[in-house]
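Q: I am new to this structure. Could you show me how to read its features, one at a time?

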Amino acid sequence: MSANEKKNKVDVEEVVVQQSFDTTDKKSQAFKQSDTYAAKKTVAQGMMDLALITANANQLRYLIEYQRESSTFFLIMGLITVSLFLQVAVGACLICKGRFDIKGQSKSRLANRINNYIVFAVFLITVINVFIAAFSISVSTNITTQQ
């Protein structure tokens, strides 16, 4: 190998090293980040649903224990029952939604439809719980001291 050939070989190696390409797939990384966000969002929605179920169960217990004679007993009982039913349905939909692979086009439409149903059901749950709070009667207990 002559000196000229060695110099050309070194020049080619330098060009290859200097023109290194970024082989990471930027779209793949962006999708993974959005997929992680969607998973975290679904988990957060599930935790909020669990907290609301707990609150409604507590309201139901309070209603049965202290407000059986209230004029709004059956109204509040019905609203709490509907709210609990919708919350269980939303929880089941969140589980189904979490199982879909958003990458696939055929499953993406179904996942979006389920997501729309979830948003509507959460809106209904919110409105129902506002009415539950509005029609609930808090029992005030007067403690009298005997002398």
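A: Gladly. Start with the salt bridge: a side-chain nitrogen of Lys or Arg within 4 Å of a carboxyl oxygen of Asp or Glu. The model is predicted, so side-chain atom pairs count only at pLDDT 80 or more.

Q: How many salt bridges does this rule give?
A: The count comes to 1 salt bridge. Arginine 61 forms this kind of link with glutamate 65. Their closest N and O atoms are 3.3 Å apart.

Q: Where do arginine 61 and glutamate 65 lie?
A: Both are in helix H2, residues 26-66. They sit 4 residues apart, about one turn of the helix. Here is the general idea. An α-helix has 3.6 residues a turn, so residues three or four places apart point the same way.

Q: Let me step back. How many helices and strands does the protein have?
A: There are 4 helices and 0 strands. From the N terminus on, the elements run α-α-α-α.

Q: What share of the protein's residues count as buried?
A: Of the 147 residues, 20% count as buried.

Q: What share of the contacts comes from residues 24 or more positions apart?
A: Take the contacts with a separation of 6 or more. Residues 24 or more positions apart account for 71% of them.

Q: How do I read the length of a helix, say H3?
A: Compare its reach with the reach expected at 1.5 Å a residue. Helix H3 covers residues 73-99, which is 27 residues. From its first C-alpha to its last it reaches 39 Å, close to the 39 Å expected.

Q: Which residues of H3 are buried?
A: They are Phe73, Ile76, Leu79, Ile80, Ser83, Leu84, Leu86, Gln87, Val90, Gly91, Leu94 and Lys97.

Q: Which side chains make a polar contact with the side chain of serine 83?
A: One is the side chain of glutamine 87, at 2.7 Å. Another is the side chain of asparagine 129, at 3.2 Å.

Q: Which residues is serine 83 in contact with, leaving aside its neighbours within four places in sequence?
A: Serine 83 is in contact with Asn56, Ile125, Ile128, Asn129 and Ile132.

Q: How far apart are leucine 124 and serine 83, in sequence and in space?
A: They are 41 residues apart in sequence. In space they are 8.2 Å apart, C-alpha to C-alpha. Leucine 124 is found in helix H4, residues 105-135. At 31% relative accessibility, leucine 124 counts as partly exposed.

Q: Now cysteines. How many disulfides are found?
A: First the idea. A disulfide is a covalent bond between the sulfur atoms of two cysteines. A search of the whole structure finds 0 disulfides.

Q: Where do tyrosine 62 and tyrosine 66 sit?
A: They are 4 residues apart in helix H2, separated by about one helical turn. Tyrosine 62 is partly exposed, at 29%. Tyrosine 66 counts as exposed, at 51%.

Q: What kind of pair do phenylalanine 73 and phenylalanine 74 form?
A: Their pair is edge-to-face, with 5.2 Å centre to centre and 80° between the planes. Phenylalanine 73 is buried, with a relative accessible area of 9%. Phenylalanine 74 counts as exposed, at 69%.

Methods. Residues are numbered from 1 along each chain as its sequence is written. This is a predicted model: local features need pLDDT of at least 70, side-chain atom pairs count only at pLDDT 80 or more; totals for chains, interfaces and linings use all residues. Side-chain values use heavy atoms; hydrogens and water are left out. Helices (H or I, at least four residues) and strands (E, at least two) are DSSP runs, numbered from the N terminus. The expected span of a helix is 1.5 Å times one less than its number of residues. Buried means under 20% relative accessible area, exposed over 50%, partly exposed in between (1.4 Å probe, protein chains only). A disulfide is a pair of cysteine sulfur atoms within 2.5 Å. A polar contact is a pair of N or O atoms within 3.5 Å; within protein, one must be able to donate a hydrogen and the other to accept it, and residues adjacent in sequence count only if both atoms are side-chain atoms. Contact means heavy atoms within 4.5 Å. Rings of Phe, Tyr and Trp (its six-membered ring) pair if their centres lie within 6.5 Å; planes under 30 degrees apart count as stacked, over 60 as edge-to-face and the rest as tilted.
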